[in-house]
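Please examine the sequence and the model shown below before reading on.

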Amino acid sequence: MPTAIKIAAKNSRAPQARDSSRDHLNNKLFFRLFQAANIYETQAVRLVNFSAVSGATLGALSRDPKGMLFSDLYDYLGVSRQNLDAVLKGLEKKGLVERVEVEADRRKRMVCLTPAGVEAWEDLYARSLEFFRQGTKGVSASEIADCTETLSRIARALRTAQLD
């Protein structure tokens, strides 16, 4: 008696079977990144009274007293132009940053910390260091260094990722 063999129609949306243990690890990794980022954002706002992107923006701008071009800043932070513009509007409203026209090219804007922004950054930086110490309690310096390098590699790969 012949046995019927069921052949499933290939669904382009169905996940492709590959290395299921690797896929499971990747899924777990990206979920943990998502989870940690959300906890970080919630706790940063609660404990240091700044969103992660606002704090990162002040930190990026603190690196050079002349500021950064808007286009360099959003690229450096890895955020969209629209997201950065909204963050800058909030920081401008608080008097912490200003956008200044570039003399050589009036279409470009430099984003700079104001004196109040420098003070806010110095205070935020000190509080952030303690926040980070608590967040990495029980994690060795070498584990932090390895994780930092791994996350940098993942970020580079994500920038070039494409789906078929």
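Arginine 127 is partly exposed, with a relative accessibility of 31%; the term covers values between buried (under 20% relative accessible area) and exposed (over 50%), for a 1.4 Å probe and protein chains only. The model is a predicted one, in which local features need pLDDT of at least 70 and side-chain atom pairs count only at pLDDT 80 or more, while totals for chains, interfaces and linings use all residues. Residues are numbered from 1 along each chain as its sequence is written, and side-chain values use heavy atoms, with hydrogens and water left out.

The side chain of arginine 127 meets that of aspartate 123 in a salt bridge, at 3.1 Å from N to O. A salt bridge is here a side-chain nitrogen of Lys or Arg within 4 Å of a carboxyl oxygen of Asp or Glu. Both residues belong to helix 5 (residues 115-135), where they stand 4 residues apart, about one turn of the helix. Helices are DSSP runs (H or I, at least four residues), numbered from the N terminus. Aspartate 123 is likewise partly exposed, at 41%.

Salt bridges with shared partners also link Asp85, Lys89, Glu92 and Arg99 into one network. In total, the structure holds 8 salt bridges, including those in the table.

| Salt bridge | Closest N and O atoms |
|---|---|
| Glutamate 92 and arginine 99 | 3.0 Å |
| Glutamate 101 and arginine 109 | 3.8 Å |

Glutamate 92 is partly exposed at 28%, and arginine 99 is partly exposed at 26%. Glutamate 101 has a relative accessible area of 37%, and arginine 109 one of 33%.

The second topic is helix packing. Two packed helices are described by the angle between their axes and the distance between the axes. How do helix 1 and helix 5 cross, and at roughly what angle? The axes of helix 1 (residues 20-48) and helix 5 come within 11 Å and cross at roughly 130°. Axes are lines fitted to C-alpha atoms over the stretch in contact, and angles run from 0 to 180 degrees between N-to-C directions. The two helices are therefore oblique to each other, a term for angles that are not under 35 degrees (roughly parallel), over 145 (roughly antiparallel) or 65 to 115 (roughly perpendicular).

Contact means heavy atoms within 4.5 Å. Helix 1 contributes Tyr40, Gln43, Ala44, Leu47 and Val48, and helix 5 contributes Leu124, Arg127, Ser128, Phe131 and Phe132.
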